[in-house]
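Please examine the sequence together with the model shown below.

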Amino acid sequence: MAKANIKRVKSSDLELKDKLVAINRVTKVTKGGRTFSFSAIVVVGNENGVVGHGLGKAKEVTTAIAKGIDDAKKNLIKVPIVNDTVPHSQYGKYAGARVLLKPASNGTGVIAGGAMRAVLESVGIKDVLAKSQGSSNPHNVVKATLDALTHMRDARAVANQRGISLEKVFNG
């Protein structure tokens, strides 16, 4: 039900900025020796409510990053932002990673760890309290953060879903 608020966005008409979250060097041992390849997880966003993540794999770092950016542009989602913070507290999880996002007052800043910080800054959230629990694997933390962000609903979305006026959402 909550996954219905995922709004896919076309990347062609947006000014997207990319952030590299992690690079992983992978070694394949063959009879001819070791073969190195790289995997890069990248987050792109327009810093105004649109974000996406991608994974790129290649023999060279720059090619892996480029592939990651292309992949990230294919999975963009729209996230509601209220006063430069998240609309409400939200818990997200993916595999072993669990994250908690809480709205923060103006001027607090992004209180979050590495992988979460990249996602939250790419979305355009300027004030948030975030806690990563469980796995610290950057791939899973990014996906858990995006899970929490996809479940975010602003007051207008709640009013539309319940079929009531915006004032009635706040007044009960």
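Two residues are said to be in contact when heavy atoms lie within 4.5 Å. By that criterion, and leaving aside residues up to four places away in sequence, alanine 22 touches Ser39, Ala40, Ile41 and Pro138 in this predicted model. Alanine 22 itself belongs to strand β1, which covers residues 17-30.

Proline 138 is 116 residues away from alanine 22 along the chain, yet 6.9 Å separates their C-alpha atoms. Is alanine 22 buried or exposed? Its relative accessibility is 19%, and a residue is classed as buried under 20%; alanine 22 therefore counts as buried.

Strand β1 is part of an open sheet of four strands, arranged in the order β1-β2-β3-β4 with antiparallel pairing. Strands β1 and β4 (76-78) stand at the edges; because each has a single partner strand, one side of each lacks a neighbour in the sheet. From one strand to the next, the twist averages 15 degrees.

Within the sheet, strand β2 (residues 33-45) and strand β3 (residues 50-58) run antiparallel and are joined by eight bridges. Glycine 45, for example, has valine 51 in β3 as its bridge partner. Helix α3, spanning residues 138-150, packs on the sheet and touches β1, β2, β3 and β4. The direction of helix α3 makes about 160 degrees with that of β3.

Notes. Residues numbered from 1 in each chain as written. Predicted model: local features only at pLDDT ≥ 70, side-chain atom pairs only at ≥ 80, totals over all residues. Heavy atoms only, no water. Helix = DSSP H or I, 4+ residues; strand = E, 2+ residues; numbered from the N terminus. Buried < 20%, exposed > 50% of the residue type's maximum accessible area, 1.4 Å probe, protein only. Pairing = 2+ DSSP bridges. Axes fitted to C-alpha atoms, helices over the stretch in contact; angles between N-to-C directions.
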